[in-house]
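Please read it with the structure open.

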Amino acid sequence: LEECRALMKSYRERAGDDALIEFCGGEPTVRQDILQLSRAARDLGFDYIQLNTNGIRLAESPDFCRELRSAGVTTVYMGFDALTDKPYMAKYGRSLLDTKKKAVENCARAGLAVVLVVCVIPGENDGELGDIVRYAAANMPTVKGVYLQPISYFGIYPKDDIRRMTIPDVIRRLESQHQDISARD
């Protein structure tokens with residue numbers, strides 16, 4: 001904890017008063033000291049503290065969401081790949097849709113902003129982009145945005161099942177699925 005505090009202090013001094021911080025890497029909510037880290041960041045003067053998470057622990061505990069907010073976390077940057085279970089089954093081998101929705105609900109009650117992060121996988125969830133944006137709009141003001149990122153193949157993904165997608169591909173798919181969004185936007 002002290003090493004992390006020193007790193008945050010050094011970063012803040014170099015980056016300036018408007019520096020942002022994000023807790024990420026693996027799953028930060030499994031750290032027993034995540035609340036202490038958040039408090040330390042807040043005490044060092046960080047106004048924007050983002051937690052990059054899969055949302056599972058947030059779905060399990062409304063109290064944990066309130067504790068995060070109280071400790072200084074302002075925004076949850078949460079993996080949210082679909083509004084059906086098929087993509088979660090393909091990516092994680094289990095149903096996660098209800099968990100993701102519950103995490104958004106618990107964040108709303110706690111006053112935490114949420115950015116939905118969609119790992120766009122061709123043939124799995126690229127047909128749901130418009131629906132995800134509509135879900136985000138229906139859950140404003142809690143949901144502040146949607147981050148669409150084409151899949152990068154590393155880690156758990158087999159090398160023989162690579163389906164490439166570019167950012168322009170994502171933009172075109174979203175445009176075709178949402179009447180209020182154009183590629184020019």
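1. Cysteine 4 is partly exposed, at 25% relative accessibility. The model is a predicted one. The closest cysteine sulfur to that of cysteine 4 belongs to cysteine 24, at 12 Å. A disulfide needs sulfur atoms within 2.5 Å, so cysteine 4 is too far from cysteine 24 for a bond.

2. Cysteine 119 is buried, with a relative accessibility of 10%. The closest cysteine sulfur is again in cysteine 24. The separation is 16 Å, so this pair is too far apart for a bond as well.

3. How many disulfides does a search of the whole structure find? The count is zero. For cysteine 4 the reason is the 12 Å to the sulfur of cysteine 24. For cysteine 119 it is the 16 Å to that sulfur.

4. Salt bridges are another matter. The whole structure contains 13 of them. Some are taken up below.

5. Glutamate 2 and arginine 5 form a salt bridge, with 3.3 Å from N to O. Both residues belong to helix α1, which spans residues 2–15. They sit three residues apart, about one turn of the helix. Glutamate 2 is exposed, at 54% relative accessible area. Arginine 5 is partly exposed, at 29%.

6. Helix α1 also holds lysine 9 and glutamate 13. Their side chains make a salt bridge, and the closest N and O atoms are 3.3 Å apart. Here the spacing is four residues, about one turn of the helix. Lysine 9 counts as partly exposed, with 45% relative accessibility. Glutamate 13 is exposed, at 57%.

7. Which residue forms a salt bridge with arginine 172? The partner is aspartate 169, with the closest N and O atoms 2.8 Å apart. Arginine 172 is partly exposed, at 48% relative accessibility.

8. One group goes beyond a pair. Lys102, Glu105 and Arg109 are linked in a network of salt bridges. Please look at this network when checking the charged side chains.

9. To sum up, the search gives zero disulfides and 13 salt bridges. Helix α1 carries the pair glutamate 2 and arginine 5, and also lysine 9 and glutamate 13.

Note on methods: Residues numbered from 1 in each chain as written. Predicted model: local features only at pLDDT ≥ 70, side-chain atom pairs only at ≥ 80, totals over all residues. Heavy atoms only, no water. Buried < 20%, exposed > 50% of the residue type's maximum accessible area, 1.4 Å probe, protein only. Salt bridge = Lys/Arg side-chain N within 4 Å of Asp/Glu carboxyl O. Helix = DSSP H or I, 4+ residues; strand = E, 2+ residues; numbered from the N terminus.
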